[in-house]
Amino acid sequence: MQVFAWVPFNIRNLKEVVHLNYEELLVTADKAGLKVREKTLSEQNGLIRGRRIAIRKNLTTQTEKSCVLAEELGHYFTSHGNILDMDEVKNRKQELRARLYGYDMQIGLIGIIECYKHHCRSLYEMAEYLQVTEEYLKEALECYSRKYGENLVTIDNYAIRFVPSLQVIEFWK
């Protein structure tokens, strides 16, 4: 058995390869009948209203845009109504569900295993491989650490543990 340790992290629909880039996310939005535009936004990096998604125009990289778009798609597929008031518990829950959906679209359990297979040894290397920002990856790691706690999650011949730190374990057949 080989053990690989990092920092805590993620999930996804188990057999699907994930980590969609900005162009692939735009295609996903288009197939769902959504219009994505880059706009001048004052407070948020992204906003969804009906079937329109606005992405902050002055985000500098495709990677930053993809992280924002993934979350906004998460809102489209999992949320309803105006959830901007974070004092409301139901809004915070919808926000977390949307973020989790976005993390799953871009990272997922398969993404973690792929990072392991490609010998990623740092947060920076993982973020580069998955085409997400380091900040987004850190947030995903924290989210999955809270979700899975000390549980061991298995997929194929791999196991992933999130607490006390991310560990990928490969079982030899």
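A salt bridge here is a side-chain nitrogen of Lys or Arg within 4 Å of a carboxyl oxygen of Asp or Glu, and helices are DSSP runs of at least four residues, numbered from the N terminus. With that in hand, welcome to this predicted model. A search of the whole structure finds 4 salt bridges, and the largest pocket holds about 840 Å³ of space.

- Lys65 pairs with Glu38 in a salt bridge whose closest N and O atoms are 3.0 Å apart.
- Lys65 belongs to helix 2 (residues 62-78) and Glu38 to strand 2 (residues 35-39), so this pair ties together parts that are 27 residues apart in sequence.
- Lys65 counts as buried because its relative accessibility is 10%, under the 20% cut-off.
- Glu38, with a relative accessible area of 34%, is partly exposed.

**Salt bridges within helices**

- In helix 3 (residues 89-106), Glu95 and Arg99 are 4 residues apart, about one turn of the helix.
- These two form a salt bridge, and their closest N and O atoms are 3.1 Å apart.
- Arg99 is partly exposed at 32% relative accessibility, while Glu95 is buried at 13%.
- Helix 4 (residues 108-117) holds Glu114 and Lys117, which are 3 residues apart and so separated by about one helical turn.
- Glu114 and Lys117 form a salt bridge too, with 3.7 Å between the closest N and O atoms.
- Lys117 is partly exposed, its relative accessible area being 40%, whereas Glu114 counts as buried at 17%.
- Through salt bridges that share partners, Glu71, Glu95 and Arg99 are joined into one network.

**Helix 2 and its surroundings**

- Helix 2 has 17 residues and spans 24 Å from its first C-alpha to its last, close to the 24 Å expected at 1.5 Å a residue.
- Its buried residues include Lys65, Cys67, Val68, Leu69, Glu71, Glu72, Leu73 and His75.
- Which elements do the buried residues of helix 2 pack against? They pack against helix 1 (22-31), strand 2, strand 3 (46-49), strand 4 (52-56), helix 3 and helix 6 (134-148).

**The largest pocket**

- The largest pocket contains about 840 Å³ of space.
- It is lined by 29 residues, of which Gly46, Glu71, Glu72, His75 and Glu95 are the closest to its centre.
- Strand 3, helix 2, helix 3 and helix 6 are the elements that give two or more residues to this lining.
- Two names return here from the salt-bridge network, Glu71 and Glu95, and both are among the lining residues closest to the pocket centre.
- Glu71, Glu72 and His75 are also among the buried residues of helix 2.

**The hairpin of strands 6 and 7**

- Strand 6 (residues 158-161) pairs with strand 7 in the antiparallel sense over 4 bridges.
- The two strands are joined by a hairpin through 5 residues.
- Opposite Ile160 stands Val168 in strand 7.
- Are the faces of strand 7 (residues 167-170) covered or uncovered? Both are covered, with Gln167 and Ile169 buried on one side and Val168 and Glu170 buried on the other.

Note on methods: Residues are numbered from 1 along each chain as its sequence is written. This is a predicted model: local features need pLDDT of at least 70, side-chain atom pairs count only at pLDDT 80 or more; totals for chains, interfaces and linings use all residues. Side-chain values use heavy atoms; hydrogens and water are left out. Buried means under 20% relative accessible area, exposed over 50%, partly exposed in between (1.4 Å probe, protein chains only). Two strands pair if DSSP finds at least two bridges between them. The expected span of a helix is 1.5 Å times one less than its number of residues. Contact means heavy atoms within 4.5 Å. On a 1 Å grid over the protein atoms alone, a cavity is a set of points where a 1.4 Å probe fits but cannot get out, and a pocket is an open set with protein on both sides within 12 Å along at least five of seven lines; lining residues have an atom within 4 Å of a point. Grid points are joined across faces, edges and corners, and a volume is the space filled by probe spheres set on the points.
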